[in-house]
Amino acid sequence: MKTFKIEHRNNHGFEILDLYGELDAHTASQLEESLKNLISSQKSNIIVNFRELDYIASAGLGVFMAYIEDVRTIGGDIKLSNMNDKVYNVFDLLGFPTLYDIFDDEKQAINKFLSDS
Amino acid sequence: MKINYANQDSHSKFELKTVLETSRMLVESRDSEFIINNLLLILMGRLLVSKAAIFIHDPVNENYCLKKKKGFDKFEEKAHYHFELNSEQGKQSYFILNEIDHVVPSVDADLKNCYLFNLRTSNNHHGYLLLGPKANNEAFSKMDLEFAESLCIISTAALVNSQLFTELTTTYRNLDRRIHELNTLFDLSKEFNLLVDRDKISSIFKFALLGQLFIRTFFLIYKTGDSYSLLASSGAVTKPSQKQIDTIFSDADEDIIIVDDELRNSHEWIKKSNITTLFSVTIQNERVALIGVGERVNKIPFSDADYNFLKSLANLAVISIQKTFFLEERIDKERMEEELSIAKAIQEGLLPDPIPRISGVDLAAKTVSSREVGGDYFDIAEAPDGNTIFAIADVTGKGVPAALLMANLQSMLHVLLPVDITLSEATDRINNIIHKNTPSDKFITFFWAKYLSDHKILRYVNAGHNPPLLLRSDSDNFEELTDGGLLLGAMETMMPYVQTDIQLNPGDLLVCYTDGIDETMNAADEEYGTRRLKDCIFQNRDKGSQEILDAIVNSVKKYSGNKFSDDLTLLVLKACD
């Protein structure tokens with residue numbers, strides 16, 4: 001099992017969070033911390049890349065729900081990309097696709113940000 | 001009429017090909033709309049028909065729903081119709097309607113020369129295809145009808161297939177959701193087990209509600225002892241007053257309550273906080289928590305499965321929270337016990353140990369505490385003039401408060417010891433200080449005496465203490481040393497405490513005790529009393545002080561059945577030759 005970690009990078013001026021391993025009740029607080037940091041520094045165009053994420057639990061999904069309004073209030077968005085089928089299935093099961101933009105690829109997420117602005 | 005066999009042959013080939021292609025396409029399709037639409041379009045195109053309609057059997061209402069139609073203006077899509085067929089018609093796979101047939105009695109439409117096809121599989125009937133006449137008013141050929149019949153059979157099979165597929169997909173998805181919910185509960189129980197921090201538990205609970213159920217607004221009221229407090233909240237929940245917390249907890253005493261207008265209007269806080277559902281969490285027959293949630297972010301109403309999940313999640317969180325409280329209580333208790341054992345050691349250090357030897361008297365003293373610390377006190381100390389001071393005291397109450405006051409008295413006594421004042425004056429001062437420094441319901445009964453060894457005189461002051469018993473060697477009657485004044489701490493010294501001298505002769509025996517001795521109860525709730533005490537002293541009067549003391553303690557122990565409820569202290573003094 002890979003240990004959960006988050007790496008933060010910048011792509012064309014967008015904040016990218018790369019998630020690794022398993023996002024569950026235990027690791028949810030780390031993601032919360034990362035999102036809080038971005039929001040407090042007014043960085044609101046956020047893409048979360050799930051390429052290296054193996055598993056997600058509800059508490060992890062809750063973190064996205066908890067901060068989406070804050071991000072949208074300051075004019076940004078959290079877009080999600082590169083999920084494997086298992087992870088996407090969880091998002092889909094709980095009805096996330098109606099509330100979030102979810103893309104196959106990070107590039108599409110960037111294009112969506114660019115076309116929306 | 002000349003039959004063009006070649007033409008007919010190629011025609012049937014085309015027909016067969018259509019049926020085959022259609023069948024493959026239909027069977028592969030899992031979309032019933034598509035299947036129905038195709039059945040209509042292919043038949044209408046192939047048979048040159050301008051109106052057609054498909055009715056699907058609705059087993060719930062025992063009628064037929066019009067799924068799709070072309071033409072037939074008097075019918076409406078999605079409407080339900082009742083069919084009336086005679087028994088002969090019902091058996092056929094298709095038949096032509098004539099003017100006297102009213103297969104759909106509720107609709108006044110001319111269905112003459114229309115065909116009704118039974119949509120059925122080998123086992124079941126699924127509906128009807130109503131096919132209008134050819135646009136050119138020619139009759140349907142045998143081939144036309146066979147073609148239509150084949151297509152109906154294939155389409156019906158495909159429809160059943162797609163229905164099964166839809167049902168299966170839904171079932172799978174529900175199953176998937178349940179599995180995910182179980183995973184969530186498992187994940188959380190693992191995490192909760194590790195946590196002892198209530199804020200963290202609340203925060204994970206919050207994320208799980210948001211992530212799994214899209215609930216942003218919630219509160220959690222938890223019962224500790226007899227009081228209720230708001231442990232966690234989020235979203236639209238405003239800060240409630242204690243009264244609001246108390247009333248909603250006692251009013252919402254059912255498992256699940258859907259908030260209605262009546263509840264909203266009688267509970268302002270619930271209304272303001274947009275709470276829509278309330279859950280009680282019951283552990284071992286006690287309602288320990290109330291959880292309120294608002295509607296979901298995506299506004300989808302809660303299903304029974306959602307409620308079940310919510311209840312399980314709430315139970316899990318509340319049990320974990322309860323665990324943290326138990327843990328804290330245990331830690332507090334352990335710390336308290338440790339502190340008490342330290343206090344006990346300190347208090348024991350305040351008592352003389354070993355009992356000093358005083359020339360001219362045989363002395364024994366002992367205190368037995370019913371708890372770790374207590375309010376009984378005795379002391380034996382040498383005054384600057386070389387004489388010895390004996391003291392015994394009992395602070396009202398028990399435990400730590402009594403022990404604190406006892407320690408206070410001990411230090412006063414030792415501070416005053418070297419000061420050159422009389423026993424009476426010293427008692428005046430001690431009383432004033434105790435009165436000033438302690439609550440009005442705290443008193444000390446106090447007896448102390450100075451033994452003037454040169455003159456064999458015992459000079460004493462009794463401040464409200466159980467009178468020590470003096471048994472002269474030449475008498476069989478007890479004298480009681482009662483002179484002195486009020487107990488310490490009751491009021492400021494108005495009348496000086498009286499000090500009294502008594503002469504001690506060899507063999508005279510003095511027993512000082514606290515009320516733990518005479519007030520000890522037996523199983524029948526009767527006090528040990530001074531009579532039994534006197535009897536015990538009397539029987540042992542010829543023994544040494546320590547033996548007399550042990551005899552009294554044993555007698556009291558035996559009387560109580562070894563269950564002391566109070567502290568008891570004895571100081572026994574016997575004048576020597």
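Let me begin with the sheet in chain B of this predicted model: five strands form an open sheet in the order E12-E22-E21-E17-E18, and the pairing is antiparallel. At the edges lie strand E12, residues 361-368, and strand E18, residues 478-480, each of which pairs on one side only. From one strand to the next, the twist averages 15°.

Within this sheet, I would draw your attention to strands E21, residues 509-513, and E22, residues 568-575, of chain B, which are joined in the antiparallel sense over 5 bridges. As one example, B:Leu510 has B:Leu573 of E22(B) as its bridge partner. Packed on the sheet is helix H14 of chain B, residues 545-560, which touches E12 and E22. The direction of H14 makes about 150° with that of E22(B).

I turn now to the helices. How do the axes of helix H5, residues 198-213, and helix H9, residues 304-350, of chain B cross? They come within 10 Å and cross at roughly 170°. Angles over 145 degrees count as roughly antiparallel, so H5(B) is roughly antiparallel to H9(B). On the H5(B) side, the contact includes B:Ile201, B:Phe205 and B:Ala208; on the H9(B) side, the residues include B:Phe309, B:Leu313 and B:Ile321. By class, this contact comprises 9 nonpolar, 3 polar and 2 charged residues.

Finally, H9(B) itself. Its 47 residues, at 1.5 Å a residue, should span 69 Å, and the end C-alpha atoms are 68 Å apart, which agrees. Among the buried residues of H9(B) are B:Phe309, B:Leu310, B:Leu313, B:Ala317 and B:Gln347.

Methods:
Residues are numbered from 1 along each chain as its sequence is written. Chains are lettered from A and ligands numbered from 1 in the order in which they are written. This is a predicted model: local features need pLDDT of at least 70, side-chain atom pairs count only at pLDDT 80 or more; totals for chains, interfaces and linings use all residues. Axes are lines fitted to C-alpha atoms, for helices over the stretch in contact, and angles run from 0 to 180 degrees between N-to-C directions. Helices (H or I, at least four residues) and strands (E, at least two) are DSSP runs, numbered from the N terminus. Angles under 35 degrees count as roughly parallel, over 145 as roughly antiparallel, 65 to 115 as roughly perpendicular and the rest as oblique. Two residues are in contact if their C-beta atoms, placed from the backbone, lie within 7 Å. Ala, Val, Leu, Ile, Met, Phe, Trp, Tyr, Cys and Pro count as nonpolar, Asp, Glu, Lys and Arg as charged, and the others, Gly among them, as polar. The expected span of a helix is 1.5 Å times one less than its number of residues. A residue is buried if 20 or more other C-beta atoms lie within 10 Å of its own, exposed if 12 or fewer, and partly exposed in between; C-beta atoms are placed from the backbone. Two strands pair if DSSP finds at least two bridges between them.
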